[in-house]
Amino acid sequence: MLVFSAAESDGPRVAVVAGRRVGTAVRRNRAKRRLREALARVPLRPDRAYVVSADHTVADAPFDTLVTWVRRATDENTQE
């Protein structure tokens, strides 16, 4: 078991997951790599933990579109 404390964190904690519904192992790994790179281009709050789940569209979507999706998902001003 791993336990994380936000007080000891130097930055945002991010977990990227891709289930078998995304496709083969190659497609899942591609989706996770693309999500990690998109997350690196978006400002994230250092006091937050993020869990990002890929679906089948992530592996083939244009990268600029993927960055826009991530930006919208992490922007607190657009959240309800």
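Which backbone oxygen lies 2.9 Å from a polar atom of the side chain of Thr74? The backbone oxygen of Val70 does, and both residues turn up again below. Please keep in mind that this is a predicted model. The protein has two helices and two strands, and from the N terminus on these elements run β-α-β-α.

**Overall build**
- Of the 80 residues in the protein, 26% are buried.
- Take the contacts between residues at least 6 apart in sequence: 67% of them join residues at least 24 apart.

**The largest nonpolar core**
- This core holds 17 residues, and those touching the most other members are Ala31, Leu35, Leu39, Ala54, Val58 and Val70.
- Two or more core residues come from each of strand 1 (13-18), helix 1 (25-40), strand 2 (49-54) and helix 2 (63-74).
- Helix 1 is the biggest giver here, with four residues.
- Val58, one of the core members named above, touches Ala31, Arg34, Leu35 and Leu66 when residues up to four places away in sequence are not counted.

**The largest pocket**
- Helix 1, strand 2 and helix 2 are the elements that give two or more residues to the lining.
- The space in the largest pocket comes to about 190 Å³.
- What is the lining made of: nonpolar, polar or charged residues? Eleven of its residues are nonpolar and two are polar, with no charged ones.

**Thr74 in helix 2**
- Thr74 is found in helix 2.
- Is Thr74 buried or exposed? Its relative accessibility is 16%, so Thr74 counts as buried, the cut-off for buried being under 20%.
- The side chain of Thr74 has a polar atom 2.9 Å from the backbone oxygen of Val70.

**Lys32 in helix 1**
- Lys32 has its place in helix 1.
- Which residues does Lys32 contact, leaving aside neighbours within four places in sequence? They are Val16, Val17 and Ala18.
- Between Lys32 and Val52 there are 9.1 Å in space, C-alpha to C-alpha, and the two are 20 residues apart in sequence.

Notes. Residues are numbered from 1 along each chain as its sequence is written. This is a predicted model: local features need pLDDT of at least 70, side-chain atom pairs count only at pLDDT 80 or more; totals for chains, interfaces and linings use all residues. Side-chain values use heavy atoms; hydrogens and water are left out. A nonpolar core is a set of buried Ala, Val, Leu, Ile, Met, Phe, Trp, Tyr and Cys residues joined through side-chain atoms within 4.5 Å. Buried means under 20% relative accessible area, exposed over 50%, partly exposed in between (1.4 Å probe, protein chains only). Contact means heavy atoms within 4.5 Å. On a 1 Å grid over the protein atoms alone, a cavity is a set of points where a 1.4 Å probe fits but cannot get out, and a pocket is an open set with protein on both sides within 12 Å along at least five of seven lines; lining residues have an atom within 4 Å of a point. Grid points are joined across faces, edges and corners, and a volume is the space filled by probe spheres set on the points. Ala, Val, Leu, Ile, Met, Phe, Trp, Tyr, Cys and Pro count as nonpolar, Asp, Glu, Lys and Arg as charged, and the others, Gly among them, as polar. A polar contact is a pair of N or O atoms within 3.5 Å; within protein, one must be able to donate a hydrogen and the other to accept it, and residues adjacent in sequence count only if both atoms are side-chain atoms.
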